[in-house]
Amino acid sequence: MSTSHPRFRRLAAFSAALLLAACGGGGGGSTGPLPSFDTSAVAVADPGTALSADWRKGPFAEIFVRGYQDSDGDGIGDLKGLTNRLDYLKDLGITGIWLMPITRSQDHDHGYAVSDYRNVEAAYGSLADLDTLVTQAHQRGIGVVLDYVMNHSAAQHPAFVNANSGSSNAFRDWYVFSASKPSGWSIYGDPWRNGNGGFYFAVFDAAMPDFNLKNPTVVSWHQDNLRFWLNRGVDGFRFDAVGNLVENGPNAWENQPENFTLMGNIRDMVGGSYANRFLVCEGPSAPLAFATACGSAFAFGHQSDLINAAKGNTTAISNLANYFGTAPGTAPATMSTMLSNHDSFAGDRAMDQFNGDEAQYKLAAATYLLQPGTPFIYYGEEIGMRGGSLSGDPKLRTPMSWTSSNIGSSGFTTGTPFRALSTNVATNNVQSQQAAGSLLNWYKAVIAVRQAQPALRGGAHVSATAAGTTLSLQRETVGQRAVVMINYGSGAALISAGGLPANGVLTSVFPPNGSNANTDAGGNVSVSVPRQSVQVFVIAI
């Protein structure tokens, strides 16, 4: 079995006994009473929102609830703990939070093996705790987006337990079964698994069987689940693994036409019935296409260019300049940008990729926070957290570093953390990052200028030019043009921009106390930018 796909790394903690119990001994089916689950229809009941429409422009924080803040001393982060840290997120400048799966799961860790789509993981708290989090977040101008796994469930989910009990079960067609094992398939390994009376399709792992999303009943049930959360005031969803929703054969298993139709229908359902919501999709091999279908999609590939550009790689800088020439940067479809996330296939934590070089780190952060798109900050990125002394994805999902020891009333937990801490917790933690010049304060300053200037908060891409180890980009909204100049090089460089109002004044807005610049009669300007630094200007148009 290949381990190249992130879902396999997510399953490292699964035990064989747990899987056998879920699947009735690996092929024999359940011998006890079959479980039931909530299949009731959920009608639209939008509670409304007081959030500004601008909340969807970000920046967002991606948060692993298990690893963010423990409130009860059991060593596991929870919803009450996250609620207690909302003021920190607001102070950072965050306008939205994406919570990695908080639904009940078979894995009791990453959460992508969902066992109950309409309840909260017990270790995280209750539905009432989620309601409180949403209310408190809204009071601070922060939206809450949940991770939703439509491609597959846990093998312990009652729907699959029923489906796997025999070929005559009413839920059999909720999943993809075959009486005989199909040949010619290879997707991260063989996706066909031994079931009761045949074989079932599970692309990521035997413990995560794929739904049959060609069955309208299954799709309708998923839409009811979405309405269940939206009716509670949740502000949207991040959809997992949308490239794998439907398979049409061993050579037609990824990014099938039905996938885009499914996500487009969900986008229409949510947008047509609920105000001011946000959807974003994970489709690593077709991000631009899924941005159109979903409304936003993560800009996979772009994160590598951000990292390499900050190291001075001229090809990566050129790629950054060209990216938003074709990729959507503003509504109705946007790219969601990032430096890294919770999956190893997207890269290690940024501080590990930069090997501790904070100057390069700051350049990468400024680039994606000032470019078009909706930026997503992975929790702890803003303080330069490294990964833990672990392997696979768990090293990326360590407890948030609040203090140097991270134990006690101001740390992650008063108990024993569920997982090893970040390797640089002693030096890179929120408490130690309060000093002027810190990485945390850099993030705050760049986010503040982004939020203060309309052209940076939501302006369209106008142009971007790479020249050696420099990048100049322009964004525009009604009445304002922003000019961002970045020097990734080791020496001062003259950076030029054109197409601006003639004989105008470019007002410096970053860094603080920067000097203004003047355009000539042709609307051109050249500025000497110090080594490894960023300068931002705005001009009225």
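These legends describe close-up views of a predicted model. Local features need pLDDT of at least 70, side-chain atom pairs count only at pLDDT 80 or more, and totals for chains, interfaces and linings use all residues. Residues are numbered from 1 along each chain as its sequence is written, and side-chain values use heavy atoms, with hydrogens and water left out.

**View 1. Helix 11 meets helix 12.** Two packed helices are described by the angle between their axes and the distance between the axes. Helix 11 spans residues 302-310 and helix 12 spans residues 314-326. Helices (H or I, at least four residues) and strands (E, at least two) are DSSP runs, numbered from the N terminus. The two axes come within 8 Å and cross at roughly 135 degrees. Axes are lines fitted to C-alpha atoms, for helices over the stretch in contact, and angles run from 0 to 180 degrees between N-to-C directions. Helix 11 and helix 12 are therefore oblique to each other. (Angles under 35 degrees count as roughly parallel, over 145 as roughly antiparallel, 65 to 115 as roughly perpendicular and the rest as oblique.) Helix 11 supplies His302, Asp305, Leu306, Asn308 and Ala309 to the contact, and helix 12 supplies Ala316, Ile317, Asn319, Leu320, Tyr323 and Phe324. Contact means heavy atoms within 4.5 Å.

**View 2. Asn212 sits in a loop.** Asn212 lies between strand 8 (198-201) and helix 8 (216-230). Is Asn212 buried or exposed? Asn212 is buried, because its relative accessible area is 13%. (Buried means under 20% relative accessible area, exposed over 50%, partly exposed in between, with a 1.4 Å probe and protein chains only.) A polar atom of the Asn212 side chain lies 3.1 Å from the backbone nitrogen of Lys214. Leaving out residues up to four places away in sequence, Asn212 touches Asp173, Trp174, Tyr175, Val176 and Val218.

View 3. Met338 is in the loop between strand 12 (334-337) and helix 13 (350-353). Its relative accessibility is 3%, so Met338 counts as buried. Met338 and Phe60 are 278 residues apart along the chain, yet their C-alpha atoms are separated by 9.8 Å. Not counting residues up to four places away in sequence, Met338 touches Phe298, Phe300, Gln303, Leu306, Tyr368 and Phe376.

**View 4. Asp393 makes a polar contact with Arg397**. Asp393 is in the loop between strand 13 (374-378) and helix 15 (439-452). Asp393 counts as buried because its relative accessibility is 0%. The side chains of Asp393 and Arg397 meet at 3.2 Å. The Asp393 side chain also reaches the backbone nitrogen of Ser344, at 2.8 Å. (A polar contact is a pair of N or O atoms within 3.5 Å; within protein, one must be able to donate a hydrogen and the other to accept it, and residues adjacent in sequence count only if both atoms are side-chain atoms.)

View 5. Most residues other than glycine have a negative phi, and most peptide bonds are trans. The bond joining Ala331 and Pro332 is cis, with omega about 15 degrees. Pro332 is in the loop between helix 12 and strand 12. From Phe510 to Pro511 the peptide bond is also cis, with omega near 0 degrees. Ala241 has a positive phi near 55 degrees. Ala241 counts as buried, at 2% relative accessibility. Asn355 has a positive phi of about 50 degrees. Asn355 counts as exposed, at 62% relative accessibility.
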